[in-house]
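This report describes a model through its chains, their contacts and their cores. The sequence and structure come first.

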Amino acid sequence: MLALIAAHLVVAGLLPLVSARSTRAAFGVAAVLPAAALLWALAGAGPALAGGIDETTAWSPALGLELSFRLDALALAMIVLVSGIGAVILAYCIGYFRPAAPEATRSAAWLLAFAGAMLGLVLADDLLTLYVFWEITSIASFLLVGQGGERKEERRAAVQALFVTVFGGLAMLLGFVLLGEAAGTYRISEILADPPRGGAVTAALLLILLGAFTKSAQLPFHPWLPAAMVAPTPVSAYLHAASMVKAGVYLVARLSPAFADLAVWTVPVLVAGVATMLVGGWRALSATDLKRLLAFGTVSQLGFLMVLFGAGGRVAAMAGIAMLLAHGMFKATLFLIVGAVDHATGTRDVRELSGVGRALPGLAVAAALAAASMAGLPPLIGFVGKEAAFEAFLHGSVENWAVAAGLLLGSVLTVAYSARFLWGAFARKPGRDATSAHGLGPALTVPIWLCAVAGPVLGIATPIVDAEASSYAAALPGDPGYHLALWHGFGLPLLFSAVAVAGGLALHAARDRLAPAAGLSPLDAQRAYEKTLSGIARLAVGVTGRLQVGSLPSYLSTIMVMFVLLPGVAAVLAGAWPTSAPLYHDLIQVPLAIVVVISALAVTRTRRRFTAVLLVGVIGYGVGGLFIVDGAPDLALAQFLVETLSLVAFVFVLRRLPPHFTETRPSRRVRVPKAMLGAVAGFAVAVFALVLSAARSEPATTSAELARLTPEAGATNVISAILVDFRALDTVGEIGVLFVAAAGVASLVLATRYDRQRRAVPAEDGEGPPRQEEDVLG
Amino acid sequence: MTINLVMAATVGVLYGTGFTLLLSRSLMRVLIGVVVLGHGTNLLLQLAGGPPGRAPILGAVAPEEFTDALPQALALTAIVITFALTTFLLALGYRSFVLVGHDEVQDDVEDRRISRQKTPSAGLDDGDGDGDGEATP
């Protein structure tokens, strides 16, 4: 299975080489792989339905990551859509795209890559593998919707599709991780066999449902799907009708056997599903663009599928499989027909098309077949699915009856927009001349018919679908005697189907009064999306503006405040306080400390640079004196030398600078808080010094050990032995630092000298140095 | 093994002075703040070794009376590095003074402009990418 998926991706990568010569050939080549995948899956149908075929490739065993795949009944049903319809649509592309069009070159490769990713998604038996393929399909959708990005609406739609689905995808990843950790495994089949329970699982399921809802365009995330209709029609047919948008439904179907007994799973799915079915169907009634009409129809049907798979009953799940197959077939057919109508007439607007049915009768018959399946007329597969759906909910609790009522209403709307589609695309409208249409070649019509006849064929071959559906639904509770069939005798389901058809036709008859009402929508999810986006952008500007103020003192203050608040408070609360801290260890420490402290306080007050530097020198020498008291003559020596050198360097620079600090003296309101903050942070350091040194209970053992080793290094001074022997490499690094600093200093000083020489020569070029610099350089 | 109170207070004052100077806008004061902080840190490193003792030089006294040599070696390295840093910052401040004419730490102009901005300059949703980030004053 891995090889098959990889082959899709590799060939997709090589496809641009073919399309450079002929885009038609590229689509031809691309169609071969999905066809092969379909044949492979059908060949394995026997064992797949009997239990499933597993394949696992270790990827990173140390991390417990593996690529595991599994072909079972549900995967098989999805492959029929992904690969079967994929092959047909790629073949359709040969006739659809103008040769050598840039979007054709791009689409061929991406459609095939998408087919591979989608195949991986439905075969994956590992949550993380599934997630990776899930996001690849989102990216493929982004690129296929956005195309070249020349048009604003393409960019907008592509970005919206990406934002919404990836937002859900990331939530889903979080859910996967929670679920995987709770179950102790990321293998889907193992999770299904022994589903975990608990608070973490509840959160995980809600997050996973978020991913499923965004991907399958459930309320309130649905607007991206109609917006994505700017894509070329084959792309819409494949990604946004037959396969990708089913990924969310697929995920719900995959996990339902394990979690459908939990209210946290079923309630959101049923509520969102029924609401989506109704809103999608309602909005489809006002659409004038045939593709948008179908897109809202897809939204509606996805809600229907969610309900069927999320309910967790055997009959509902069987209905779900039948509807899944049926929807893929009829919706792909209808999209391809819209593409053909668009191709033949140059428009797909309901208000402009008229009398196309007479010009293209074959197309009209195919459309009627598909629309009849969508409306749920016998003997098509759509009817079988809808019968089973009503059967599943027409008994038991009040909730079931409520769902059934919702489904009935949704079905009425479905029939109405099916009729609207046929009427809009093919009917002759009064007072409007027939649209001129040219004939269509077999490259377009043959794929359409392939999909269109699937409706009646699967309807008559219901036992095959039944075997498939039974295998999937075996794990679910419910009437084990139920089978999908065209005829179940007279009963409530048949009555519901009849009511749906009659009601739908009545709605269609009243279309003139209805369409304006359907166009009104008090809660516009698209506006909500736009508001959210602009809100996020405003929030980002606000947060950036407040945090990144561009002032060094405020950044440093933030760091100091955090230092005092977090580690400071922790030290006070949890630190080991010294039991007996002596005032001093050596009496000489006291006068030296007083000198250091007074100089330090004076530094903050002085306004003359030279005074400040001299005071810093006093501090340095004082600290050196404390080193001597501590028994560290080497340290003191280094300190005195460095202090002296620093003073010399300072004097060299101060010679060139004004005697006073140039900054405008800040007001008290600024100065006092700064000093307070510094004082508090300094106090925190003193507390740290006490608390941390008190934490030490044993004397250091290093000294004795180092003293023992020092003679072996040929030294008598332990410090020098450490520096030039034990830590010799560090010392080399330190010398390196000095060299780098010296180079930096030299370049900065020499740059100034170079400037002065250059300025001195062409003095009359009218571009004299700034006044200030003149003063500085003397 | 505790640091004595006088030394803890000295370290605290050195740090407090360093922090306060670091917060000022004059580059020279900031530099002096860094130097004072360096002194405080070196002192703290040395004090962490324990109470005063004899210099760790063989032959003079028994090794048991030595102060801990390891923090001393580390502090010695730190002193030298502080010196390198000081001179480099000094040269940097000098160069800045030569070029700009003062040694004040200025606010980042671009950041200031963002913080004055109330709305995003280029909308995400139109995807135009032609927003020039110009703020309305």
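## Helix H2 of chain B

H2(B) is largely enclosed by the rest of the structure, because 18 of its 21 residues are buried. A residue is buried if 20 or more other C-beta atoms lie within 10 Å of its own, exposed if 12 or fewer, and partly exposed in between, with C-beta atoms placed from the backbone. Helices (H or I, at least four residues) and strands (E, at least two) are DSSP runs, numbered from the N terminus.

The end C-alpha atoms of H2(B) are 30 Å apart, which agrees with the 30 Å that its 21 residues should span at 1.5 Å a residue. The expected span is 1.5 Å times one less than the number of residues in the helix.

## Basis and confidence

This is a predicted model, in which local features need pLDDT of at least 70 and side-chain atom pairs count only at pLDDT 80 or more, while totals for chains, interfaces and linings use all residues. Residues are numbered from 1 along each chain as its sequence is written, and chains are lettered from A and ligands numbered from 1 in the order in which they are written.

The model scores ipTM 0.87 and pTM 0.75. Chain B averages a pLDDT (the predictor's confidence in each residue, from 0 to 100) of 81, and 85% of the residues score at least 70. Among the elements of chain B, the highest mean pLDDT belongs to H1(B), at 94, and the lowest to H4(B), at 78. Over residues 123-137 of chain B pLDDT stays under 50, and the model has 24 contacts beyond four places in sequence for them.

Chain B has four helices and zero strands, in the order α-α-α-α from the N terminus. Of its 137 residues, 53% count as buried. Two residues are in contact if their C-beta atoms, placed from the backbone, lie within 7 Å. Among contacts in chain B between residues at least 6 apart in sequence, 48% join residues at least 24 apart.

The contact between the chains takes 112 residues from chain A and 92 residues from chain B. On the side of chain B that touches chain A, H1 (5-22), H2 (27-47), H3 (69-100) and H4 (109-116) each supply at least two residues. H3(B) gives the largest share, 22 residues.

## Nonpolar cores

A nonpolar core is a set of buried Ala, Val, Leu, Ile, Met, Phe, Trp, Tyr and Cys residues joined through C-beta atoms within 7 Å. In the largest, of 214 residues, the members that touch the most others are A:Ile79, A:Leu308, A:Met318, A:Ala322 and A:Leu325. Helix H15 (residues 314-345) of chain A supplies the largest share of this core, 21 residues. Another core, of 79 residues, lies apart from it and includes A:Ala612, B:Met7, B:Phe19 and B:Leu31.

Leaving aside neighbours within four places in sequence, A:Ile79 is in contact with A:Ala37, A:Leu38, A:Ala41, A:Leu119 and A:Val122.

## Local features of chain A

Strands S1 (residues 53-60) and S2 (residues 65-71) of chain A run antiparallel and are joined by seven bridges; two strands pair if DSSP finds at least two bridges between them. A:Ala58 has A:Glu66 in S2(A) as its bridge partner. The two strands, S1(A) and S2(A), form a hairpin with four residues between them, and A:Gly64 in the turn has a positive phi of about 70°.

A:Ala571 lies in helix H26 (residues 552-574) of chain A and counts as partly exposed, with 17 C-beta neighbours inside 10 Å.
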